[in-house]
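Please brief me on this structure. Keep it short and group the points by topic.

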Amino acid sequence: MSVSNLVTATVRLAIAAFLALLLAAPASAQQNNGQYSLQEIIDAGHGFFGETSGGLAKLVERAFESYGLPNGYILGQEGSGAFLAGLTYGEGTLNTKNAGQHPVFWQGPSLGLDWGGQGSRTMMLVYNLPDVNALYDRFGGVSGSAYVIAGFGMQVHVNRDIVLVPIRTGIGARIGINAGYLKLTRQPTWNPF
């Protein structure tokens with residue numbers, strides 16, 4: 001093989017490698033397209049809950065280890081109470097990178113060995129959300145609480161492939177375990193069913 005053929009082959013190989021890198025870069029960037037990093041969620045949580053929420057980072061890390069990168073999150077507040085049967089009402093804003101911000105309301109019944117009441121600030125991590133309309137549905141889950149005055153808690157609600165991971169910090173007195181669901185709606189309603 002002559003020197004000129006070797007140079008030509010090397011240049012072609014370099015151009016092919018360069019083009020492959022260019023084409024591969026957008027594909028790897030799209031893998032995280034629309035998803036939030038751990039640091040983005042922690043920053044949003046600290047901005048919402050305040051800098052005193054040291055337990056937030058540990059709960060968010062646990063959610064990321066279990067479910068990966070969320071493609072949305074909800075920041076809001078809720079109130080709940082129970083004496084064996086319970087009710088929860090909340091409101092907030094869904095944040096997404098691709099579809100912007102949307103108001104969301106949630107309410108739901110629960111049943112179990114659970115009593116007490118609480119007012120909470122809530123961050124819900126949203127996983128596998130195909131579009132905003134898919135969020136407005138019922139999500140079943142199991143919850144456990146044990147705190148007086150204040151505390152942090154995390155639970156999981158599922159509907160098909162969509163997973164909601166509410167992380168709450170609240171004030172009140174609550175102890176017990178219950179099963180129930182959250183119904184997410186576009187408009188507020190008193191009907192938890």
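Tyr 36 and Tyr 73 are both buried, where buried means under 20% relative accessible area, exposed over 50% and partly exposed in between (1.4 Å probe, protein chains only). The model is predicted: local features need pLDDT of at least 70, side-chain atom pairs count only at pLDDT 80 or more, and totals for chains, interfaces and linings use all residues. Residues are numbered from 1 along each chain as its sequence is written, and side-chain values use heavy atoms, with hydrogens and water left out.

**Rings and charges**

- The whole structure holds four aromatic pairs. Rings of Phe, Tyr and Trp (its six-membered ring) pair if their centres lie within 6.5 Å; planes under 30 degrees apart count as stacked, over 60 as edge-to-face and the rest as tilted.
- One of the pairs joins Tyr 36 and Tyr 73 edge-to-face, at 5.0 Å centre to centre and 80° between the planes.
- This pair links distant parts of the chain, 37 residues apart: Tyr 36 lies in the loop between α1 (3-31) and α2, and Tyr 73 in strand β1.
- Tyr 36 also has the charged end of Lys 97 over its ring, 5.0 Å from the centre. The criterion is NZ of Lys or CZ of Arg within 6 Å of the ring centre and within 35 degrees of the ring normal.
- The charged end of Arg 121 sits over the ring of Phe 48, 4.0 Å from its centre.

**Fold and strand pairing**

- The protein has three helices and five strands, in the order α-α-α-β-β-β-β-β along the sequence. Helices (H or I, at least four residues) and strands (E, at least two) are DSSP runs, numbered from the N terminus.
- Strands β1 (residues 72-96) and β2 (residues 100-127) are antiparallel partners over 24 bridges. Pairing requires at least two DSSP bridges between two strands.
- Three residues separate β1 and β2, which form a hairpin. Gly 86 stands opposite Ser 110 in β2.
- β2 also pairs with β5 (residues 162-185), in the antiparallel sense over 21 bridges. Thr 122 has Arg 168 in β5 as its bridge partner.

**Nonpolar cores**

- The largest nonpolar core has 20 residues; Ile 41, Val 60, Tyr 73, Met 123, Leu 125 and Tyr 127 touch the most other members. Such a core is a set of buried Ala, Val, Leu, Ile, Met, Phe, Trp, Tyr and Cys residues joined through side-chain atoms within 4.5 Å.
- At least two residues of this core come from each of α2 (38-49), α3 (54-67), β1, β2 and β5. The most come from α3, with six residues.
- Apart from this core lies another, of 16 residues, including Ile 74, Val 104, Trp 106 and Leu 129.
- Beyond four places away in sequence, Tyr 127 touches residues including Phe 64, Leu 69, Pro 70, Ile 162 and Val 165.

**Backbone exceptions**

- Leu 84 has a positive phi of about 70° although it is not a glycine. Leu 84 is in strand β1 and is partly exposed, with a relative accessible area of 41%.
- Arg 160, likewise not a glycine, has a positive phi of about 55°. Arg 160 is in the loop between β4 (156-159) and β5 and is exposed, at 61% relative accessible area.

**Whole-protein totals**

- Of the 193 residues, 41% count as buried.
- Among contacts with a separation of 6 or more, 70% join residues 24 or more positions apart. Contact means heavy atoms within 4.5 Å.
- The accessible surface comes to about 10500 Å², and 62% of this belongs to carbon and sulfur atoms. Areas come from the Shrake-Rupley method with a 1.4 Å probe; for residues, only the protein chains shown count as cover.
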